[in-house]
Each structure stands twice: as C-alpha cells, then as structure tokens.
Amino acid sequence: MIKRQTALRSAQSFLNPFVRLLVLGLALAYAARAEDVDLVPLKPKLPAPAFVGTPKDTPAGANVEKPSDKPAGPLMIPRDAKNLAPASTITTSDVNAKPAALAKITDGIKEADDANVALLRKGVQYVQFDLGSVHEIFAIVIWHAHDTPKVYHSVVAQVADDAEFTANVRTLFNNDEANAAGRGAGTDREYFESFEGKTIDAKGAKARYVRLYSKGSTDSSLNEYTEVEIYGRPLK
C-alpha cells in the first residue's frame, strides 16, 4: 500500500508541470479567442436617400432580392478593424479612367450626385485595391450610383495574394449567374442600389488585393462607383 502511494505521488509530481503547462496554454488560447470576439456593429456613415420608398418593378427574368422596408441587422466586425480603402492604391481594367476619377471611390463622399461618381466604360470592368500588405478583411461596402433604385449586373467581389489574381483567389460575393466576368457562375442574388450600399461579409479573409467587378446596370451600360469601403486590420 505504501509503495502504491509513493508511486502515485511520484506520478503526480511528474505530471504536475505538464498539467500546469496545459492549463496555461488553454488560458492563453481562451484569452486570444476573447480578444478576437470583441466585436462591434459595422455602422458606416450613410448618405442621404436619393429616393423614397422601394422599387415597384423587378427587372424581367432577374434574380433580384426583394427590397425590405426594415434595415438589415448590422454586420459584426472586430473593434480594431478600420476602413483600409482610402490608403490603398486603386487600379482598374478601364485604361481610359483617370486617377482623379478613381480617387472619388475612396474620398468619403457618398451623396447621390453625378459629380461624386467614378464612371468606367461599358462591358465587364473591375476596380482593384492594393492594401499594401496582407490584411484580415472583415467587410466590404459598395456604393454604385444610387440616384435611382437600379440593379447592377455581374457584381463580383474577390480577394487574392497577387495583383494578377492568380494566387489564392477567393470569391466573397458573386451574382454573375451568366459568368460574364469569367470568374465563375455566381449564386448570390442581384439587388437594388440604395443609399445603404451593399455590405459583403468577408469573414476575416487574409489578402492584400481586393477586386470588384460589374457589367453595367438596368439604368446604364456604364459601370458607376460612388464609394467603396474595406474594413480590416493588419495581420497580428
């Protein structure tokens, strides 16, 4: 009996350091998770509505979300996530677009005024944002021209590790059902533009580059952008 008790104490003294390390590891992991779940609602500054009420007619044959009179619940993002778009470098597939026009996309002015809109030529076009380094991205908010409740086509949001979008490409949103942009057929629904913009949950995707596609709208064959905000934080 004495030998068994001695052996048990020896085993306990041997295990105690490992148990302590295990408990410490679990505590650190819990603390890290607690920090990650310090979430706040995303509340971007909204422009004034350009029209009252909701659209009456849905484009024929379109797979369009039915507008709701009730605002959607806010997306929750980490407290330290910031809008990265203003500090990013913007490029586009439209070779005729001038830097001054692209600058409108991140100048913070979202009112439904023609002077605030960056125009890209017709057909499939994209705007691309270089964040400078890899970041965790939690939300992308897009305001196309929202002077009327128009529907933009082939809206695709992707992130990647390289500027050519060949490395680790991930799709965050895609309503391009016909695959006009060549990024794969999308299953998300089209939507009416409004002063609230379109919020895309990026789910903490880690990437340096963000690319947004479109192919005109029910109102115009041109591609129009009023503002884009990209909420994220540097990798820790």
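This talk covers the nonpolar cores and the aromatic pairs of the structure shown above.

The model is predicted, so to speak of local features a pLDDT of at least 70 is needed, side-chain atom pairs count only at pLDDT 80 or more, and totals for chains, interfaces and linings use all residues. Residues are numbered from 1 along each chain as its sequence is written, and side-chain values use heavy atoms, with hydrogens and water left out.

I begin with the cores. A nonpolar core is a set of buried Ala, Val, Leu, Ile, Met, Phe, Trp, Tyr and Cys residues joined through side-chain atoms within 4.5 Å; buried means under 20% relative accessible area with a 1.4 Å probe, protein chains only. The largest such core has 32 residues, and I105, F129, I137, I140, L212, V228 and I230 have the most contacts inside it. Among the elements giving two or more residues to this core are β6 (125-143), β9 (198-214) and β11 (227-234); strands are DSSP runs of E, at least two residues, numbered from the N terminus. A second, separate core of 10 residues includes V40, I77, F138 and A139.

I turn now to the aromatic residues. Rings of Phe, Tyr and Trp (its six-membered ring) pair if their centres lie within 6.5 Å, and planes over 60 degrees apart count as edge-to-face. The whole structure holds 2 aromatic pairs. Y126 and Y213 are edge-to-face, with ring centres 5.4 Å apart and planes at 65°. Because Y126 lies in strand β6 and Y213 in strand β9, this pair ties together parts 87 residues apart in sequence. Y213 is buried, at 5% relative accessible area. F173 and Y191 also form an edge-to-face pair, 6.3 Å centre to centre with 75° between the planes. Both F173 and Y191 are buried.

Technical notes:
Buried means under 20% relative accessible area, exposed over 50%, partly exposed in between (1.4 Å probe, protein chains only). Helices (H or I, at least four residues) and strands (E, at least two) are DSSP runs, numbered from the N terminus. Rings of Phe, Tyr and Trp (its six-membered ring) pair if their centres lie within 6.5 Å; planes under 30 degrees apart count as stacked, over 60 as edge-to-face and the rest as tilted.
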